[in-house]
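Trainee: I would like to go through this model term by term. Please give the rule behind each word as it comes up.

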Amino acid sequence: MPIVTFWNDERDQTGKTLTAVAVATRMAIERNYKILLISTSFQDPTIKNCFWGDETQKTLKLFGIKSNNIAVENGIEGLIKLIAANKLTPNVITDYTKVIFKERLEIINGFLGAKEVTRETNLKEYEKIQKYYIDLMKVANQYYDMVLVDLDKLIPENLRDEILNISNLNVYVLSQKKSSLDRYLIQRQKNANIGNPKTLPVIGKYIANTKYNSRNVMKYMQERKELNVVPFNILYFEAAEDATVPDLFLRLRSIKDTSDENYIFMQDVLELMEKIIKKLQELQMKMRWKNDTN
């Protein structure tokens, strides 16, 4: 099953994690997929704040059905122990996840570490477990229909490249800044992980009313295909702080007014989701054709 990695190599905030969250949530609602979203972050509360905040138990409305989910808060640490002991099996992963939509979307939160030790001590532990993310992705790929990975900037370059290599599709999230676009264009020529067919460029935290709108950016980047965007949306921004992203997406999908900014946001996320699925299918077909001709 496909592995899709969301990443960038910039210092600027591009909305990478919120792009991954938006795609995962919309895909879980619209498609009958069993999805796992893996965070590789270090003590970053972004994904947790989108779905469950500081609660250890949360009740979510799942398509009109209430479902209680008690998950392991430090799920990644538990999974790493199983991987290190060579005891991780695909069906065990769900015991260490937060279930957002039952049988649709599960989350493995990033590394939290111990509260009673220093940040430096936790960082050393995080550096020790990083190498196990690839094993986790490979095992998860046997159980879930779609594995989405939010790749953190703290992951070392050699490991990052390995993760990008085993992924079926890599979503590179840009900002609208000219410096970000220029960096992407330079890296596209030099970096094989950006300049290959399985890389999909996306603009995160997009604002339409600017000089660098999607049409002008396409011309500047000499992109022939439509450039996908995830608009900055105030309701999504607030929901991502209040652990109400699932409820927001379920509510906003009923909007019919095509001029409504919330409709536009949801539509752009839907288009990106569909582009990812279509791109995966195209890459799979090319791979089959290549194998058949060899």
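Trainee: Where does arginine 160 lie, and why is arginine 160 called buried?

Mentor: Arginine 160 lies in helix α6, residues 157–166. Helices here are DSSP runs of H or I with at least four residues, strands are runs of E with at least two, and both are numbered from the N terminus. Buried means a relative accessible area under 20%, exposed means over 50%, and partly exposed is in between, with a 1.4 Å probe and protein chains only. Arginine 160 has 12% relative accessibility, so it counts as buried.

Trainee: What kind of model is this?

Mentor: This is a predicted model, in which local features need pLDDT of at least 70 and side-chain atom pairs count only at pLDDT 80 or more, while totals for chains, interfaces and linings use all residues. Residues are numbered from 1 along each chain as its sequence is written, and side-chain values use heavy atoms, leaving out hydrogens and water.

Trainee: What makes the pair of aspartate 161 and arginine 160 a salt bridge?

Mentor: The rule asks for a side-chain nitrogen of Lys or Arg within 4 Å of a carboxyl oxygen of Asp or Glu. Here the N to O distance is 3.0 Å, so the pair meets the rule. Aspartate 161, at 22% relative accessible area, is partly exposed. Elsewhere, salt bridges with shared partners join Arg26, Glu30 and Arg253 into one network.

Trainee: How do you know that glutamate 30 and arginine 26 belong together?

Mentor: Their side chains come to 2.9 Å, N to O, and form a salt bridge. They are four residues apart in helix α1, which means a separation of about one helical turn. Arginine 26 has 7% relative accessibility and counts as buried, whereas glutamate 30 has 30% and is partly exposed.

Trainee: How many salt bridges does the rule give?

Mentor: The count is 11. One of them pairs aspartate 9 with arginine 183, with the closest N and O atoms 3.3 Å apart. That pair connects distant parts of the chain, 174 residues apart: aspartate 9 is in the loop between β1 (3–7) and α1 (16–30), and arginine 183 is in helix α7 (residues 178–190). Aspartate 9 is buried at 18%, and arginine 183 is partly exposed at 34%.

Trainee: Why is threonine 40 called buried, and what does its side chain lie 2.8 Å from?

Mentor: Its relative accessibility is 0%, so threonine 40 counts as buried. Threonine 40 sits in the loop between β2 (35–39) and α2 (46–51). A polar atom of its side chain is 2.8 Å from the backbone oxygen of aspartate 150. A polar contact is a pair of N or O atoms within 3.5 Å; within protein, one must be able to donate a hydrogen and the other to accept it, and residues adjacent in sequence count only if both atoms are side-chain atoms.

Trainee: How do you know that the buried residues of helix α9 are on the same side?

Mentor: The buried residues of α9 (residues 234–242) are Tyr236, Ala239 and Ala240. They span an arc of only 100° around the axis, so they are on the same side of α9. The arc is taken over the directions from the helix axis to the C-beta atoms. Glu241 and Asp242 are exposed on the other side.

Trainee: What makes Ile207, Phe232, Ile234 and Phe237 a nonpolar patch?

Mentor: Patch residues need over 30% relative accessible area and no salt bridge; nonpolar side chains (Val, Leu, Ile, Met, Phe, Trp, Tyr) are joined within 5 Å, and like charges within 9 Å. Isoleucine 234, in helix α9, is partly exposed at 38%. Together the four have about 370 Å² of accessible area, from the Shrake-Rupley method with a 1.4 Å probe, where only the protein chains shown count as cover for residues.

Trainee: What makes a set of residues a nonpolar core?

Mentor: The members are buried Ala, Val, Leu, Ile, Met, Phe, Trp, Tyr and Cys residues joined through side-chain atoms within 4.5 Å. The largest such core has 46 residues, and Val4, Phe51, Leu105, Val245, Phe249 and Ile276 have the most contacts inside it. Helix α11 (residues 261–293) gives the largest share of this core, 10 residues. Another core, of 44 residues, lies apart from it and includes Tyr133, Val139, Ile155 and Val229.
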